[in-house]
Amino acid sequence: MAERDAARRAGPARQRPDPPGKLYEEEEEEDALPDSDALPDSDDEVDLDKPCPIQIVLAHEDDHNFELDEEALEKILLQEHIKDLNIVVVSVAGAFRKGKSFLLDFMLRYMYNRNSPCWIGGNTEPLTGFTWRGGCERETTGIQIWSEVFVVDKPNGTKVAVLLMDTQGAFDSQSTIKDCATVFALSTMTSSVQVYNLSQNIQEDDLQHLQLFTEYGRLAMEEIYQKPFQTLMFLIRDWSYPYEHAYGLEGGKKFLEKRLQVKQNQHEELQNVRKHIHSCFSNLGCFLLPHPGLKVATNPNFDGRLNDIDEDFKKELRNLVPLLLAPENLVEKEISGSKVTCRDLVEYFKAYIKIYQGEELPHPKSMLQATAEANNLAAVAGAKDLYSKGMEQVCGGDKPYIAPSDLERKHQDFRESAVRQFRSVKKMGGEEFCRRYQEQLEVEIDEIYANFVKHNDGKNIFYAARTPATLFAVMFAMYITSGLTGFLGMNSIATLCNLVLGMALISFCTWAYVKYSGEFREVGTAIDQIAEAIWEQVLKPMSDNLLEDHMRQSVKNSIKAGLTEQVAHHARLKTD
């Protein structure tokens, strides 16, 4: 049989040691090849003669970053017979250990035997392809694709390439929210049909995670004027309420309409989640799939044979897979309204992975971390506001100039009050987490204080006159020096002094115009900085030295005068 040939190509049967009583939880493995138990390493040669799952997005657990295996992707998608065909990408994503690869293997059976009414296989055939197993630990990381791209004739006569994609399960114990968001976003951005694999029901947290992941994908895309993604199929596994909504597409459609309905009495947060999902996808669907049966859940040696699976599950599976992969139902990948070829998809993968490897995008956070950050930021803002209002009462607006020492003392008082208020607010995140925000508050308060110091200095008439006084001093000094050096015949030095005198005069005129007109403020700032540097480095040290020499000389003269007075007094006494 053709399906047996496909099974031989896909590899040996996978065992599923599920513990008794455990609901079936199949998941993808990284380690299945037709003739070995390991996926091709990124450095190994991809053998297209033996179809198997190939990992194209590699996850690095040490730094939680992702890398694209460009060579493997190009070898699969740039084959001569498919590279210019429009591509259909069917991806399955969702929480880990929920049976994504189990489903994909039935899709493989359909693709290899789509012209046969018995495509689902024989009752005693093990299920092979993307590897799966029972248990509670994850197997797959990153993104895998099937190495064989299927060429399908659509009813309108065109040929398309069909690619099946498997993704790392979300919310395992080793993945951060950023890891989960990146994998889901990448698969959604590059697929034409995203199957969102859920267990038993659509919970509100499922919708919130979908909102987060799709928004993370939308951020990475260029400016969008339409819905960025194509088809999203909610696949509800182990559906237990067929008496409310029947198994299959029609029951799923009614159930999804009820779940995504926006009501007037709903909380704004719930409304926004539903509006966001509707705004992201061109088509939304839902399929309700029954539980596969007790033998699947309780047999640790279950290997996918159909005679161990309930008839209801097999019946609905025969409806689900053609719904996604039948030629008349294939959805070609489009980006910004243009069809995407296999060659194009390679370039999109490269572009998207670079965005997620960079730091341009904000990092998604858990609800606790996001709430704790917002809580601490609000406390920082309140404390800064308290400090600013206190300083405004001291030196803000039209308040008169205050001595720098008094201003610094007030600053310390208000700074301590602001820090006390920050500490008094109840905050989430723990002591160490909150300490980082307290340090941020202290740094920001110091920056605000520096601005208040500048504002206060601006009210000091002597500080405001520093620039013209400095320029006048330079002009006066150069004028005197030029005259003396010219008189002594040192013409080159006199010329240089005249040049500096002219530059100082031009700077003074320019500064006066800037202060009068308010134009060319950058030039005025530069002149102020140069004048301040001259004052601090030259004039102030000279004036301090002169003042010190004058004071020293005054003290000497006073002492000398006192001694002279005493000597004269003693002389008069002796004479008397």
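This is a predicted model: local features need pLDDT of at least 70, side-chain atom pairs count only at pLDDT 80 or more; totals for chains, interfaces and linings use all residues.

The secondary structure consists of 17 helices and 13 strands. Of the 576 residues in the chain, 44% are buried. Among contacts with a separation of 6 or more, 75% are between residues 24 or more positions apart. The accessible surface of the chain is about 29800 Å², and carbon and sulfur atoms hold 54% of that area.

Next, the charged pairs. How many salt bridges does a search of the whole structure find? The search returns 14.

In one of them, the side chains of Glu-70 and Lys-350 meet at 4.0 Å, N to O. This pair links distant parts of the chain, since Glu-70 belongs to helix α2 and Lys-350 to helix α10, 280 residues apart. Glu-70 counts as partly exposed because its relative accessibility is 35%, whereas Lys-350, at 17%, is buried.

Another pair is Glu-332 with Lys-154, whose closest N and O atoms are 3.0 Å apart. Here too the partners come from distant parts of the chain: Glu-332 sits in the loop between α9 and β12, and Lys-154 in the loop between β7 and β8, 178 residues apart. Are these two partners buried or exposed? Glu-332 has a relative accessibility of 10% and therefore counts as buried; Lys-154, at 15%, is buried as well.

A local example is the salt bridge between Asp-385 and Lys-389, at 3.3 Å, N to O. Both residues lie in helix α11, four residues apart, which is about one turn of the helix. Asp-385 is partly exposed at 39% relative accessibility, and Lys-389 is exposed at 52%. Elsewhere, salt bridges that share partners join Glu-70, Glu-74, Glu-347 and Lys-350 into one network.

I now come to individual positions in the loops. Ser-147 is found between β6 and β7. With a relative accessibility of 2%, Ser-147 counts as buried, and its side chain reaches the backbone nitrogen of Cys-52 at 2.8 Å.

Most residues other than glycine have a negative phi. Gln-200, in the loop between β9 and α5, has a positive phi, near 75°. Asp-238, in the loop between β10 and α6, also has a positive value, near 55°. Gln-200 is partly exposed at 36%, while Asp-238 is buried at 4%.

Finally, two helices towards the end of the numbering. Ile-527, in helix α17, is buried, with 12% relative accessibility. Leaving aside residues up to four places away in sequence, Ile-527 touches Thr-467, Leu-471, Ser-507, Thr-510 and Trp-511. Its C-alpha is 8.7 Å from that of Thr-510, 17 residues away in sequence.

Tyr-479 lies in helix α15, residues 466-487. Tyr-479 is exposed, at 58%, and together with Phe-476, Ile-480 and Leu-484 makes a nonpolar surface patch of about 470 Å².

Terms used: Residues are numbered from 1 along each chain as its sequence is written. Side-chain values use heavy atoms; hydrogens and water are left out. Patches are made of residues with over 30% relative accessible area and no salt bridge: like charges are joined within 9 Å, nonpolar side chains (Val, Leu, Ile, Met, Phe, Trp, Tyr) within 5 Å. Accessible areas come from the Shrake-Rupley method with a 1.4 Å probe; for residues, only the protein chains shown count as cover. Buried means under 20% relative accessible area, exposed over 50%, partly exposed in between (1.4 Å probe, protein chains only). Contact means heavy atoms within 4.5 Å. A polar contact is a pair of N or O atoms within 3.5 Å; within protein, one must be able to donate a hydrogen and the other to accept it, and residues adjacent in sequence count only if both atoms are side-chain atoms.
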